[in-house]
Amino acid sequence: MAAQGSNGFVPGFPANFGWGVATSAYQIEGAVDEGGRGPSIWDVYSHEPGRTAGGENADVTCDHYHHWRDDLDLMAELGLSVYRFSIAWPRVMPTGKGPLNEEGVDFYSRLIDGLLERGITPFPTLYHWDLPQALEDEGGWVNRDTAQHFAEYAAAMFDRLGDRVDLWLTHNEPWVTAFMAYVGGEKAPGVRNNWPLALRVSHHLLLSHGLAIQALRGSRAPSAKIGIAPNIHPTVPFSDNPEDIDAARRWDGFQNRWFLDPVFKGSYPEDMLAEYERFGIAEAIEDGDLTVISSPVDVLGVNFYHHAMIKRDPGSLYLGMTSVAVQPPFTEMGWEVTPEALHDVLLRLKRDYGDVEIYITENGAAFADVWDGGDVVEDPRRVDFVSRHVEALARAIADGVNVKGHCVWSLLDNYEWEKGYAKRFGLYYVDYPTQRRIPKRSALWYRDQIAASRAGS
Ligand code: FCB
């Protein structure tokens, strides 16, 4: 274990390290009917009976659309140097194509100006799961045309915001967009067990990623940096049983290599192509697609929460495999706490995919935080979680991995998709009835870590 410094903070980060937080539009903005925004698949899905915990939706959530200035002040108080947020496609293009909605573009334009005024680097993600419903009505990501529409939307953002944004991400967690939405049925649009559709979606997402990179290179800011942010779950077999060992290899193919190989190597992994043959994957892939998909990226975003312990489970929807959590303590999501796996997977990424710049684009934990009316919410388990992952990062940097930044998920408690508001991930507690934000101890720890790191301790 890398030791914490004598003052309790983790040394070993360069002075210009990107200390940040991450959020996404649907989870924090609210104001779903304001400013000319069109509906997204999440507006529709969250209003369908039985889809989300308690029927909760993000119509209001943290109301960041109206509180964004105060929220930027919170970031400045923490001393952040980078803010990863997402642009809601339906806010800037209400039907997913056609003319821009100027009021929507202005919102992000002001947000970016506000960040720059506070010395914080804007790090927008173009797609964090909120597809315009009008495109869903034409087939959504199952329809190959959506990739083209995405590239046009991306080009419009590069044109309008590229004078002030140097760092972009295309997709957040394409594995979730494809497989949790079209096999697990837990994310919008909530299709269950349809592998042919899920695989088509995964391919179209990757295609749209490549097309967006090409659009950036042809834009007014061609040298801006761009990448993608898959959720990376390093796999470990549940037991020494050869079936579990094989399941861990296949899950790695299913979740990690299926997205990383085409982006970095220009090919899908052979073992998974063979496995997916029966779902008609070959018909979705056209000549030249992999060349587009492997357009060089400048950065890799790594969303890291926990390793995946994999067990063969013939009854599972996911190719007869399940991810299980065995080692307590678990977070409120039921996830294990595995900081060592972050260190190890970063070394593996460098070994297998090259020396790309890496940002940890999400890392955090939900706990059942309670506000007692005081000025600070005590969350010792989150302080422990974040500090141990920051230590793991410091070790990865010492071992030669090119890690440029770390974004805690999340700045604020927010709408945790189908799980609703009970899962609190914020460095700030949100009292939803009043929209008051109360710092948790972890926010103060992160602030002091950033200051100590900048001071060179
Ligand atoms: C990730 C999502 C993010 C948030 C965290 C907890 O999978 O990208 O929006 O929900 O999980």
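**Cavities and the ligand site**

The lining of the largest cavity comprises seven nonpolar, four polar and one charged residues, where Ala, Val, Leu, Ile, Met, Phe, Trp, Tyr, Cys and Pro count as nonpolar, Asp, Glu, Lys and Arg as charged, and the others, Gly among them, as polar. The model is predicted, with local features needing pLDDT of at least 70 and side-chain atom pairs pLDDT 80 or more, while totals for chains, interfaces and linings use all residues. Residues are numbered from 1 along each chain as its sequence is written, and side-chain values use heavy atoms, without hydrogens and water.

This cavity (a set of points on a 1 Å grid over the protein atoms alone where a 1.4 Å probe fits but cannot get out, lined by residues with an atom within 4 Å of a point) has a volume of about 40 Å³, taken as the space filled by probe spheres set on the points, which are joined across faces, edges and corners. Among its lining residues are Thr23, His64, Tyr83 and Phe107.

The second largest cavity holds about 30 Å³ of space, and Arg37, Ala88 and Asp130 are among the residues that line it; by class, this lining has four nonpolar, one polar and three charged residues.

Turning to the ligand, the shell around it divides into five nonpolar, four polar and three charged residues, including Trp129, Asn172 and Glu362. An oxygen atom of the ligand lies 2.7 Å from a side-chain N or O atom of Gln27, and the corresponding distance is 2.8 Å for His128 and 2.7 Å for Glu416.

Methods: A residue is near a molecule or strand if one of its heavy atoms lies within 4 Å of it. A polar contact is a pair of N or O atoms within 3.5 Å; within protein, one must be able to donate a hydrogen and the other to accept it, and residues adjacent in sequence count only if both atoms are side-chain atoms. On a 1 Å grid over the protein atoms alone, a cavity is a set of points where a 1.4 Å probe fits but cannot get out, and a pocket is an open set with protein on both sides within 12 Å along at least five of seven lines; lining residues have an atom within 4 Å of a point.
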